[in-house]
Amino acid sequence: MTQLLEVYAENTGMRPEVLEVARDALKELGSMSSETPTHSHLELQEVTIEGFGPFKTSVTYPLADRGVVAVTGRNEDDAAAASNGAGKTSLLTSLLWAFKAPDGRAMNAADYVNEESKMARVTVTGAINQEPFELTRTVRSWGSAGATRSGLSLTVKGVDLTGQEQRLTEETLRTKFSTELLPKTLVFTQEDLLSLLQSNDAAFKSLLSCVVDTSGWEQARDRSLAELRQLNRSIESEQVLAQHIQSNIQRAEAELQQQQQLLQEWGRQLQQQQVEAAASEQSTLQQVASISADIRQLQQLVTAALATAAEQQQTLKAANVAAQEATATAAAEQPVADGQQSHSQLGIHISEDALQQQQQQVLPVYAESAAQEQLQPLLQAERQAQQGLAAQQGRSRELKGQVTAVHARRSKYEQLLSATNKACNSNGSTDKSHSSSNEHAHMPVAAVLAAAAAAAAPAAVATAGTAG
């Protein structure tokens, strides 16, 4: 079978990789064992016919080194019969008849004897596996009832292998010459050739199986078909898995694109809020600066009011001193004064002292109270501005935290997409391998799905945190 495979591959131009697979298939079936299969090599030298069919006298036909021989004839007794009756079929049948091989003709032994002869004899010489042999079969007819007496002798390499009984010789012929194959390998009549050309596939395979071990090829074919079906199922499974991975990649890419769009939108919102926060912060700072200026101006006013009050107190003090001096002068010039006038002056002096004390107590309290009333709204406005500034700063920190979470989530999606692409590329290379490597091809896919599940959970938590 191996030799036939090599010849077939050479004649058909089979690709080396296909030939290697075929060799492996035959090797697995045990067809490439070291033992040489048994076979027979038959070479025919000549056939001698006498009293057989239309051949009354002895006729010898050489067959050595002639390859395939086409037998033709001409009927010289009847020109109108052309080649019919010339003995073509009888010549071919004589070879099978000598080997006791079936010739497909339902005839008795006596029917092969020539009508003008009493005996039919066919002798075949040649070599079987390079050992010379001579085979002779005879049939004698006697009596009017068609009785016959046959003989069969065989000599191989000078050794007489004729058995004591004819059936023993026939068994030797079957064993050594495989006589059941001769009708399909040695002789082809006109009817056999037409039947071969008109045979269907099953009939041709049946005929071919006589000379070639087609069962081995059928086993190799069945095994190859089974492996092909297994490979097709594996390919279909890989294709389904590849489609699933591709679908996951598309979903991941779509979600990544959506997250990128959200990130861009959040970036724009963050930028706008940062601008608004900066403007609000600038406005708050301006308000704080304005309030601080108002406070400083009010403090200056309070300071000026206190200075004015102090000047008024000095003026009152000076007036009291002048009044005391005037009173002392008048008392010195008029030592005797009217009791009523002194009483009046004393009341005036007491009233002036009380007025001076009241002024000293009221003016600072009034000035301080007025300053505090004007300062209170400004302080409240300053506190509100500081609170707004703190809120803006807190909001900026919150936005920065959201941006950081979005960047982390985007990084996880990119890692997931990269791992999925690597798994898809690894699965594509496994499609070219045999089915024995399929179970290894599923390992990176399972790892990718596990990574996807692990990456999806933190992403969901980050999304929930951002939404909160």
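Predicted model: local features only at pLDDT ≥ 70, side-chain atom pairs only at ≥ 80, totals over all residues.
Residues are numbered from 1 along each chain as its sequence is written, and side-chain values use heavy atoms, with hydrogens and water left out.

Now back to Glu-165, which pairs with Arg-167 in a salt bridge whose closest N and O atoms are 2.7 Å apart. The term salt bridge here means a side-chain nitrogen of Lys or Arg within 4 Å of a carboxyl oxygen of Asp or Glu. Side chains of opposite charge can pair when their charged atoms come close. Arg-167 counts as exposed, at 53% relative accessibility. A search of the whole structure turns up 10 salt bridges, so let's look at some others.

Helix 4 covers residues 166-177; helices are DSSP runs of H or I with at least four residues, strands are runs of E with at least two, and both are numbered from the N terminus. In this helix, Glu-171 and Arg-174 sit 3 residues apart, which puts about one helical turn between them. Their side chains meet in a salt bridge, 2.6 Å from N to O. Glu-171 is partly exposed at 40% relative accessible area, and Arg-174 is partly exposed too, at 38%.

Setting aside neighbours within four places in sequence, Glu-170 is in contact (heavy atoms within 4.5 Å) with Lys-100 and Leu-152.

Further along, helix 8 runs over residues 214-333 and holds Arg-223 and Glu-227, 4 residues apart, about one turn of the helix. These two side chains also form a salt bridge, with 3.8 Å from N to O. Both ends are partly exposed: Arg-223 at 37% relative accessibility and Glu-227 at 38%. Elsewhere, Glu-6, Glu-20 and Arg-23 are linked in a network of salt bridges.

Next, the strands. Strand 3 (residues 119-128) and strand 4 (residues 131-142) run antiparallel, joined by 10 bridges; two strands pair if DSSP finds at least two bridges between them. Val-122 stands opposite Arg-137 in strand 4. The hairpin of these strands has 2 residues between them, and Asn-129 takes a positive phi near 55 degrees there.

Which other residues are worth a look for their backbone? Asp-65 has a phi near 55 degrees, a positive value in a residue other than glycine. Asp-65 lies in the loop between strand 2 (59-62) and helix 3 (88-98), and is exposed at 84% relative accessible area. Lys-157, not a glycine either, has a positive phi of about 55 degrees. Its place is in the loop between strand 5 (147-156) and strand 6 (159-160), where Lys-157 counts as exposed at 59% relative accessibility.

Terms used:
Buried < 20%, exposed > 50% of the residue type's maximum accessible area, 1.4 Å probe, protein only.
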